[in-house]
Amino acid sequence: MNLTKRLLLSLAFVLPVTTAAQSISQSQIEQFKSMPRAQQEALARQYGVDLDSIAGSASQQKQRPQNVNVVEPVDAISDEERERARQEQDDNEEKDRKNGGLKPYGYDLFVGSPTTFAPVTEIPIPNDYTLGPGDVLRVQLWGKENQQLELPVSRDGTISFPQSGPQAVAGLTFDQARQQIKKRVSEQYIGVQASVSLGELRSMRVFVLGEARNAGSYTVSSLSTITNALYVSGGIKRTGSLRKIQHKRDGKLVGELDLYDLLLAGDTSDDNRLQPGDVIFIPPVGDRVGIDGEVYRPALYELKNDTNLQELVNLAGGLTPQAYPQLVRIERNNDDFLRIIAEANLTTPKGRQAKVKPGDRIEVASISDITGQYVEVKGAATRPGRYAWVPRMRVSSVIQSLDNDLLREADKRYAAIVRTDPETDTVSVLNLRLREAMDNPGGENDILLQEKDQFLIFADEGKVSAKTSDRNDSEQKEARRRNMAAAEVEETDYSRFSREALFAPVLQRLKAQAKPGAPQQTIQVTGPVRYPGEYPLPASRQVSDAIYVAGGLKDSASLYTAELARFGVDEEGTGETRIISLNLEAVMKGQASAALKSRDRLLIKSIPEFAQAKTIELDGEVRYPGQYTIRNGETLRDVIERAGGLTDNAFPEGAIFTREKLRQLEAQRLREAEERLQGDLVGIQLEGDDFGGQNAERTQQVQDLLEEVQDSRPVGRMVINLAAVVGSDDYQPIRLQDGDILTVPTIPQAVSVFGEVQFPTSHLHSKGLTVDDYLERSGGPTRQADEERVYVVKADGSVMLPEKSRWFGGRSQQLAPGDTIVVPIDVDRLNQLELWSNVSQIVYQMALGAAAVGNL
C-alpha cells in the first residue's frame, strides 16, 4: 500500500506538468493499472489525480509506430514515374500487336497497386505462429480478480507480467506461449483463470527482388505471405515468371510458388508465410506459347515442364462449344528458323499428347470456319457476328426487327449482301431493300440466303450527325452546369459503318478478280446524291438501283438531265470514253431504262444556283435597313428602291460600298507587301551598322512600317457615286454580288487629317478653311512627312491630288465635310525604295476605309 501511495503522490505532482508523460516510468504505470478499478478510482480521488490522464499517458507510451506506407499514394507519383508507366503500357500494347493481340496470362492479377498498405490482422491467428518483438499479447484475468492486460513483447523477447516478473516468449509458438501463461497464472494467482489472445502484430521487413514492378525492401505484417508481398510491390513485370517465384531465407531456397496454381485452381498451399529478412525473388519469364481461337482464355501461357496440347488447352479454359477439335493449327519455327504450320487432332490420343514448343502459336478452328454453314452480320447491328445457316433461310430469319436488331443510327432502307461463289471463289453483291423485306416476309425482297453470305448494315450519316449535334449541345450544357467537370463517355465510331468503310474490302476483291472477259464490276456515282462514291455494279444494272444504293437523290438534283460516262474499247483496240445523256426523270419513273456496265461513271447534275441565297446588307441611312436577298442581274438601285430609298439625313457622297472579292484581293496585296517588306528588312540587317547609325534608323522605320502592314485589315471598298446611282439613269448600273455591303452615313461635320502630322485627328468643318489650315490645326507635318505628295480623300473614296487638280490653287482649295487629308511618309528618306511607297499607300487605304466604317 505504501508503494501505491508513493506512486500516486508522484503521479499527482508530475501530471500537471507538461513533461509528466516523460517522468512516469512504464513500470509504475503497469503497477497502477494492475490494481482493481475500484482501488484505482479511490486513490485517484484521494490524491486529486485524473485517471484518464494516466490512461492517456500510458497509451501514449505504449503507442506503437505507425505502419509505413510502402506504396506511394497516386497523387504523390512524380511525372517521371507516370511517364515511365505510360511508356511501359505503350510497349506492352506494341508487343501485344506483334503477338496477334494475345496478352500474357495472369499479369492482370496485380493491376491497380494499393495506395497504402494495411497489415493483415483481421484473421484467426494460427497456433504455430511464432512470437517475436513487437507482438502484443492480450491476457484477460477473471475469477477472484478481473483484469485486462496488454503485454508487448520487448526487444529482449520477454513480457512483463504484473507482480510476477518478466517471462520469455520470443521464439515460442502462440500455442506454447498461451499454455505457459495459463500455467503461470494458475500457479501464482489463486482462484484466477486466464484467456490469452494476440493483439497488435509486429511488422517485419522483407525483400522483393528480380522482375518485380517496384523491387526493393518492404515493411509488411508478420502474417503476410508471398502473394501479400507481391501485391505490395506492385506485382510482376511481363518479363518476370509467374510459375517459378522463389522464396529464400538466409540464402537458401525455402519454397517455390506457382501462381498458375492460384489463378487456375485456387491452390494456396505453396503461399508460405514470411519471416523477417525473407527474400522473394522473381526470375525472368520462361518459355511461352500462344493459343487463340475457340478457347475460353486466348492468351500467352508460360510453360513450366513438358506440356502437351491437351494440357495447354486446359490452361486456356478448355474448348468453347463452337470449337472444331479435329483441326488445331500449330505455327512454329523449325530447325532452320523458318515458320511452318502443322495440324493436330484433339479427338485422338496422339493429337492430345502432341508436345508444344516454345514460341508456338496454336489456333483452334471454329466449326463455322470449317463447315461454312453460317451467315455473318456486319456493321450497324445490335448483335453482329455469325449465325447458323439452314436451307431455305431468308433475310427475315436473321433480321427480324428493324428496331431491335439494328442500331438507332442504322440505315433501315438499304443493306447489301456479299455472296461468295463456292465454285469460282468470286464475290458478288446483292442490293437489299431492307424495309420492304421486313414488311413482306417471304416476298421478292426477302432474299433466300446461301452459306457464307455477309450482311452489310450501314450507318445513316444524317442520323449520326444529328445525334452528334444533340450530344454536343447537351454536353456543353452539362459542362457548364458542372463547371467543365463532366465525365468522359466512350462514343461509338459510326464511321466504321459507313458505305465507304464497309464496301472497301468488297471493292478491292471485285477489282482483284477482274480479268479479260470478266471486267471489273464497279461503278461510280457522283453529284447530288446522299452518299456519292464507288459502288459494286448492281445485279439489275439499272441506273435507279445505283442511285438507290448511293442513298437516293438530294433535293438539289436536276431531273432533266444526267450523264453516263462509259469507258470502252473501239474497233482498233484503243480505249475510248463515251458520254450518254439520260432523262433522269424518265429513268426514275421506269419510263426509260439505261443498262449500266463495268466502270460506268454516273453524274447527277445539280439544279443551277439551287437554294443559293445571295444577299446584300444595307446599313445606315436607308428607310428599311437590313439584309436583302438579291436576284441574278439585280442592281444596287433596284435594292435601294426595295428598301424605301434614302432618308433625309443620308449623306450619299460619303457612302461606303464594300465587296467581298475586293476584300480578298486587298488581303492578298497586304500579304505580298508583308513578304517583300520582311525580305527588305533582312537585307538591311545584313548590311550591318554604318558609321552614322543610319542603317539602324532605317531598320526601325521598316519595322514600324511592317507592323502597320500586319495590323492593317482589308476592307474591300469600291468607290461609287451613290447620288448618281439613285438619281441618274445615265450612271452605270452596279450589278450586285453576294456579300456586298452598302453603308450610308449621316451628313458629316468633320474633316480628318491622317498620316505624318504631329496630331492626327478630325476637325469640325469650317467654311473657308484650306488644306494648309487644317494641317496647321493638326500641328503641321512631321520630319518624315512628304509635303509635296499630300493628297485629299473625298468622302466618296475618290482621291484628289492638289498639284494636279485644276481647282487647287497650291493647297489653298477649300474642303468639303467628310474629306480626309493624308500626309504620306517621305519614302525618299528611307533609301528611296519604291516598294515602301506602294506599301504606305495600301496601309493608308486600309486605314481610311476602316476609319470611315468605324465612324458611322
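**Definitions applied to a predicted model**

Visitor: What makes β13 and β14 a strand pair?

Guide: Strand β13 (residues 323-333) and strand β14 (residues 339-344) are joined by 6 bridges in the antiparallel sense. Two strands pair if DSSP finds at least two bridges between them, strands being DSSP runs (E, at least two residues) and helices likewise (H or I, at least four), numbered from the N terminus. One of the bridges has N333 with R339 as its partner in β14. The hairpin has 5 residues between the strands, and F337 takes a positive phi near 60 degrees there.

The model is predicted: local features need pLDDT of at least 70 and side-chain atom pairs pLDDT 80 or more, while totals for chains, interfaces and linings use all residues. Residues are numbered from 1 along each chain as its sequence is written, and side-chain values use heavy atoms, with hydrogens and water left out.

Visitor: Why is the pair of Y260 and Y301 called edge-to-face?

Guide: Rings of Phe, Tyr and Trp (its six-membered ring) pair if their centres lie within 6.5 Å; planes under 30 degrees apart count as stacked, over 60 as edge-to-face and the rest as tilted. The centres of Y260 and Y301 are 6.4 Å apart and the planes stand at 85 degrees, so the pair is edge-to-face. Y260 belongs to helix α9 (residues 259-265) and Y301 to strand β12 (residues 299-302), so the pair ties together parts 41 residues apart in sequence.

Visitor: How do you know whether Y301 is buried or exposed?

Guide: Buried means under 20% relative accessible area, exposed over 50%, and partly exposed in between (1.4 Å probe, protein chains only). Y301 has 0% relative accessibility and therefore counts as buried; Y260, at 3%, is buried as well. R599, at 43%, is partly exposed.

Visitor: What makes the aromatic pair of Y414 and F458 stacked or edge-to-face?

Guide: The centres of Y414 and F458 are 5.6 Å apart with 5 degrees between the planes, and the pair is stacked. Y414 lies in strand β18 and F458 in strand β20 (residues 454-459), so parts 44 residues apart in sequence are tied together. Ring pairs link Y414, F458, F503, Y535 and Y548 into a cluster.

Visitor: How do you know that the charged end of R499 sits over the ring of F458?

Guide: The criterion is NZ of Lys or CZ of Arg within 6 Å of the ring centre and within 35 degrees of the ring normal. The charged end of R499 sits over that ring, 5.2 Å from its centre. The charged end of R386 sits over the ring of Y374, at 4.2 Å from the centre.
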